[in-house]
Amino acid sequence: MAAVLTRDIVKKFGEVPAVNGISLTVPDGEFMVLLGPSGCGKTTFLRIICGLEQQTSGDLLIGGHVVNDIPPRARGVAMMFQSYGLYPHYTVRNNIAFPLRTQRVPREEIQKKVDWASRLLGIGHLLDRRPRQLSGGERQRVALARALVREPTALLLDEPLSNLDAKLRTLARQEIKNFQQSVGLTTVYVTHDQVEAMGMGDRIAVIDHGRIRQVGTPTEIYEDPADLFVATFVGAPPMNVVTHNGGGYLGFRPENFLPRNMIEDGGATEFSFRVDRSEYLGSERIVYGVIADFDSSQPITAKLPPAHVAEASIHPGEWHRFAVKNSALRHFDAGGNRNTRH
Amino acid sequence: MSSPVSRSLRETGFFLGVTFFVILAAFPFYWMVITAFKQNSDLYDITNTPFWFNEPPTLEHIKYLFEQTLFTRWLLNSLVIGLCVTAITLVTAVPAGYSLARMTSRKGEALGIMIFLTYLVPPTLLFLPLSRIIAVLGLQNSMWSLVLVYPTFTIPFCSWLLMGFFKALPVEIEEAAIVDGCSLFGAFIKMAIPLSVPAILTVVIFTFTLTLQEFVYALTFVSSSDQKPITLGVSTDLIRGDVFFWGEIMAGALIAAVPVAIAYNLFLDRFIAGITGGAVK
């Protein structure tokens with residue numbers, strides 16, 4: 001296990017920069033999530049860490065050593081691919097044993113470690129099958145076992161859950177996180193799914209257009225977004241953003257945008273909110289509409305707790321008095337960056 | 001809904017069509033087989049019906065082939081040429097196809113197309129310049145000249161065929177191997193090659209058949225009887241002036257064709273998988 005550190009990594013394909021100067025420190029044992037939309041450069045960055053791509057410039061350090069020119073096989077990292085990349089012509093046992101065989105580990109030790117890894121992930125009964133005979137969830141565990149078996153310096157995961165169905169995904173999320181905590185492995189996890197990022201990451205790096213927009217704990221990312229991109233990328237529905245004071249922007253989360261009477265006194269900003277449409281989702285009610293006197297490119301949303309707001313009190317087409325606590329308002333300047341003076 | 005009448009009409013039409021093409025494809029083989037076993041007096045009597053035996057079948061043509069001609073030698077020559085050309089083709093086309101498949105830039109694609117274009121140049125244009133090369137190398141009138149020349153048309157086609165197959169292999173498998181401790185070459189040997197066995201088998205059969213049936217280059221570069229491959233030996237040494245030894249020619253062709261037909265049938269499924277690349281997986 002080792003810390004992973006990058007200094008100003010740039011990767012250009014032709015003239016197009018895919019990664020545009022990323023500096024990131026992942027301390028030993030941390031679960032770091034790289035979160036960003038498709039094509040933002042997060043997978044390229046991960047491939048640079050494991051050595052499948054060579055950066056155009058910048059330094060990469062694993063465990064304190066510069067590994068820029070070290071081939072992937074000598075970096076000691078393990079990678080789990082989106083499609084798992086299992087070896088179809090090998091049995092599960094040989095798939096898991098492969099990283100040890102390439103390092104000429106003695107036979108008895110391979111046996112012992114394969115048993116250890118397969119027991120840990122509960123795939124002991126599958127050892128003699130081939131990958132095509134496994135379900136999606138089983139394949140994912142085999143891939144994870146193969147990644148762990150040689151006790152890598154760092155574990156790199158590239159959207160490992162995207163091939164699983166929704167129910168299995170929740171389960172696998174727990175498993176990977178539990179497992180990472182029990183082994184204490186430095187992990188870099190790439191995803192475009194903010195639920196995965198928020199639920200699993202010790203810290204999250206939000207990436208857009210090859211640059212890091214913000215690095216922080218899930219709470220920091222959600223509560224104190226560094227700019228409008230982070231504010232609107234994280235959160236479902238995203239933060240409401242309205243133009244304010246000429247050039248600036250005002251942001252507030254849908255769950256903080258409530259009927260005036262639900263907010264106890266003490267510093268709140270009131271809005272006139274015209275409800276257009278409402279969606280009942282069981283645990284919450286999402287209400288869409290517009291607010292008076294402010295411009296917004298998106299419809300304004302409010303996330304209301306159905307237990308406290310009766311359906312009858314929200315009438316589509318009518319204006320309602322809503323408000324946001326001042327402490328929940330986020331101010332951004334004309335360039336979209338967080339304005340911390342407020 | 002189609003009525004029973006129109007359905008049975010359609011089926012009849014289908015089977016008539018299939019029968020027509022089966023006859024069209026199989027008739028030459030049938031002709032070859034009966035001619036190989038017909039007595040000469042039966043063969044050359046124009047009053048006989050030519051489609052069946054009018055006198056008892058005989059093995060005399062086959063006996064003549066093995067006893068009075070260099071037929072065994074030609075068979076052996078063809079086998080040696082076939083094996084050498086197949087080996088040369090595999091050693092060059094497998095890495096070439098792999099590199100072309102993994103070179104995703106525009107240059108890689110252009111190179112692939114250029115290699116394929118060389119396959120389209122007909123041998124009748126090439127044998128003049130090639131004969132100069134053969135002469136310079138001192139390989140005139142030797143079967144080894146064919147071992148040198150045949151790869152010029154097997155390698156381009158096989159590289160192209162293998163390129164298509166390698167492109168269909170998910171690159172993650174090799175990348176996983178590379179991260180797991182292999183070099184690029186190790187990943188190629190341990191992952192790409194075992195997974196492309198159907199395509200490699202296709203290349204083997206294809207190359208072997210092409211060299212077995214090649215005629216123009218053999219006729220140009222080889223004239224001694226003991227250096228001839230089977231195609232050339234049968235059709236030159238068994239035609240003397242305007243006398244055709246039809247029985248022996250057909251017997252020779254039959255003996256050369258049977259092993260190939262068996263090989264094709266044994267590997268038919270894999271062969272189809274190889275030709276269609278990853279499409280049927």
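Chain A of this predicted model contains 9 helices and 18 strands, where helices (H or I, at least four residues) and strands (E, at least two) are DSSP runs numbered from the N terminus. Residues are numbered from 1 along each chain as its sequence is written, and chains are lettered from A and ligands numbered from 1 in the order in which they are written. Local features need pLDDT of at least 70 and side-chain atom pairs count only at pLDDT 80 or more, while totals for chains, interfaces and linings use all residues.

Taken along the principal axes, the C-alpha atoms of chain A fill a box of roughly 75 × 45 × 35 Å. Of the 342 residues in chain A, 41% are buried (20 or more other C-beta atoms within 10 Å of the residue's own, with C-beta atoms placed from the backbone). Among the contacts in chain A with a separation of 6 or more, 65% join residues 24 or more positions apart; a contact requires C-beta atoms, placed from the backbone, within 7 Å.

An open sheet of 6 strands runs in the order β6-β7-β8-β3-β9-β10 in chain A, with mixed pairing; strands pair if DSSP finds at least two bridges between them. The edges are held by β6 and β10 (211–216) of chain A, each with a single partner strand, so one side of each has no neighbour in the sheet. Direction ignored, neighbouring strands of this sheet are turned by 15° against each other on average. Within it, β7 (residues 155–158) and β8 (residues 187–191) of chain A pair in the parallel sense over 4 bridges. L155(A) has T187(A) in β8(A) as its bridge partner.

Turning to the interface, 17 residues of chain A are in contact with 14 residues of chain B. On the side of chain A that touches chain B, two or more residues each come from α2 (72–75), β6 (78–80) and α3 (92–101) of chain A. The residues of this side divide into 11 nonpolar, 5 polar and 1 charged (Ala, Val, Leu, Ile, Met, Phe, Trp, Tyr, Cys and Pro count as nonpolar, Asp, Glu, Lys and Arg as charged, and the others, Gly among them, as polar).

In chain B, a helix pair deserves a look. The axes of α5 (residues 106–120) and α8 (residues 151–168) of chain B come within 8 Å and cross at roughly 140°, the axes being lines fitted to C-alpha atoms over the stretch in contact and angles running from 0 to 180 degrees between N-to-C directions. The contact includes G112(B) and F116(B) of α5(B), and F153(B) and W160(B) of α8(B). Its residues divide into 8 nonpolar, 3 polar and no charged.

Methods. Contact = placed C-beta atoms within 7 Å. Buried ≥ 20, exposed ≤ 12 C-beta atoms within 10 Å, placed from the backbone.
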